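Welcome to a short tour of a protein chain. Take a moment to look over the sequence and the 3D view, and then we will walk through the fold together.

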Amino acid sequence: MIKEVIVVEGRDDTVAVKRAVEADTIETGGSAIGPAVIRKIKLAQERRGVIIFTDPDHAGERIRKIVAAKVPGCKHAFLTEAEATHRGDIGVENASPETIREALSRVRSEYTGEETLIDFNDLIEAGLIVHPNAAARRHFMGELLGIGYCNGKQFFKRLRIFHISREEFAAALHQLEEKGV
């Protein structure tokens, strides 16, 4: 049984999560998250903690940002597009139970301290921004670090929020370079 309540987008996501693990979920009902849903998520965060587990697409990222902004201290679980895609449809509901369990085992907690371990120059030097292949490189690094794919500004923010260490960053960058991305 997972202690935290898992926030998902819809009913099909709940079914997929419950196939994989014993857990309670709150469904946002899409990206128009109403005040009642936010109140439920806040209560869950106070009592048990919350894991945000949304689709690896634009709508899922929008929901993740809204919930994280309104309910501080949430944990985050991520799937890659490949793990969540079936016949062109992207969603948690398409992931296998094993993949869902793996994603939930790699949950990241938000870090609210001010210390920044990686700076913007590190991203430039690593070719994660201002580089012809920056998007592909961020995609690969996001998968390795378990923080998902996003644009350069959001990637930098996630490195700080999830308190990615220089060692984790360097190890992932080394793997990226070995793969020739």
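In the protein chain, 62% of the contacts with a separation of 6 or more are between residues 24 or more positions apart. Please keep in mind that this is a predicted model.

**Overall build**

The protein chain has 8 helices and 7 strands. Its radius of gyration is 16 Å, close to the 16 Å that the globule rule gives for 181 residues, so the protein chain is as compact as a globular protein of that length. If you turn the view along the principal axes, the C-alpha trace spans about 45 × 40 × 30 Å.

**The nonpolar cores**

In soluble globular proteins, nonpolar side chains tend to be buried together. Here, the largest nonpolar core has 20 residues. Within this core, the residues that touch the most other members are Leu123, Met141, Leu145, Phe155, Leu159 and Phe169. Three helices, α6 (134-145), α7 (152-161) and α8 (166-179), each supply at least two residues of the core. The largest share comes from α8, with 4 residues. Another core, of 18 residues, lies apart from this one, and its members include Ala16, Val17, Ala20 and Ala95.

Which residues does phenylalanine 155 contact, leaving aside its neighbours within four places in sequence? They are Leu123, Leu128, Arg138, Met141, Gly142, Leu145, Ile147 and Cys150.

**The cysteines**

Cys150, one of those contacts of phenylalanine 155, leads us to the next topic. A disulfide is a covalent bond between the sulfur atoms of two cysteines. How many disulfides does the structure hold? The count is 0.

| Residue | Relative accessible area | State |
|---|---|---|
| Cysteine 74 | 0% | buried |
| Cysteine 150 | 6% | buried |

Cysteine 74 is therefore buried, at 0% relative accessible area, and cysteine 150 counts as buried at 6%.

How values were computed:
Residues numbered from 1 in each chain as written. Predicted model: local features only at pLDDT ≥ 70, side-chain atom pairs only at ≥ 80, totals over all residues. Heavy atoms only, no water. Disulfide = S-S within 2.5 Å. Buried < 20%, exposed > 50% of the residue type's maximum accessible area, 1.4 Å probe, protein only. Core = buried A, V, L, I, M, F, W, Y, C linked by side-chain atoms within 4.5 Å. Contact = heavy atoms within 4.5 Å. Rg over C-alpha atoms; globule rule 2.2 N^0.38 Å.
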